[in-house]
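Here is a brief report on a protein fold. Please keep the sequence and the 3D view at hand.

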Amino acid sequence: MGKSRFQGAVINKMQLKLPALSANEGMARAAVSAFCSQLDPTAVELADVKCAVSEAVTNCIVHAYRHTEGIIYITVSLLEGRIAKIEIKDRGCGIEDVKQARMPLFTTDAASERSGMGFTVMESFTDRVSVTSKVGKGTKITMYKVFSNRNDT
C-alpha cells in the first residue's frame, strides 16, 4: 500500500485526553472503537482496533510515564475511503532507539513479565504503524486501519 492511500480528506475527528492510568486503558479502547463504529466496520475489524489501541495506551502507561504521572493524547480521524487514522501521543521519556523498540521481544522492562510484543501487535492489527519519538519529549504512534466495504465481505 502506497503512502497516498492514507491521505484522504478528514470526514470526522475526535480528540481525547486521559491521565496515564491503567484504569483508563479500557476507556480509551471503548471510545476509539465507538467513534470508528460510524464507518460500519465488521466485529473483527473493531476488535482489531481495540487491541491496537490497548497496546499503544499500555505502552504510554508502562513505559513513557514509568515512574511519574502523565497524560495520554488520542486523536482519531476518519478519512475518505473508510480509513481510521489513530494517533496516540505522550509527553513521557521518549524512545531512545525506535528501530530497536519495534523489534519483537525487545522490552525496556525486563524485570516485569512484559513480552516486548506491543509494536508487533499494533502492526498485526492495523494496516500501517509509524512511530516518532524524542528522548525526554515523548512519543507519537500513528496507526491506520482500512475498513472493508461491507458489500465486499
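The sections below cover the basis, the sheet, the helices and the cores.

## Basis

This is a predicted model: local features need pLDDT of at least 70, side-chain atom pairs count only at pLDDT 80 or more, and totals for chains, interfaces and linings use all residues. Numbering starts from 1 along each chain as its sequence is written, and side-chain values use heavy atoms, without hydrogens and water.

## Sheet

Five strands form an open sheet in the order S1-S2-S3-S5-S4, with antiparallel pairing. Strands are DSSP E runs of at least two residues; helices are H or I runs of at least four; both are numbered from the N terminus. Two strands pair if DSSP finds at least two bridges between them. S1 (10-19) and S4 (128-134) are the edge strands, each pairing on one side only.

S2 (residues 71-79) and S3 (residues 83-90) run antiparallel and are joined by eight bridges. Here Thr75 stands opposite Glu87 in S3.

## Helices

H1 (residues 25-36) lies across S1, S2 and S3, at about 170 degrees to S1. Angles run from 0 to 180 degrees between N-to-C directions, with axes fitted to C-alpha atoms, for helices over the stretch in contact. Contact means heavy atoms within 4.5 Å. H4 (residues 118-125) packs on the sheet and touches S4 and S5 (138-146).

## Cores

The largest nonpolar core has 34 residues; Ile88 and Met143 touch the most other members. Such a core joins buried Ala, Val, Leu, Ile, Met, Phe, Trp, Tyr and Cys residues through side-chain atoms within 4.5 Å. Buried means under 20% relative accessible area (1.4 Å probe, protein chains only). H2 (43-64) is among the contributing elements. H2 gives the most to this core, with nine residues.

Another core, of five residues, lies apart and includes Leu79, Ile83, Tyr144 and Val146.

How values were computed:
Buried means under 20% relative accessible area, exposed over 50%, partly exposed in between (1.4 Å probe, protein chains only).
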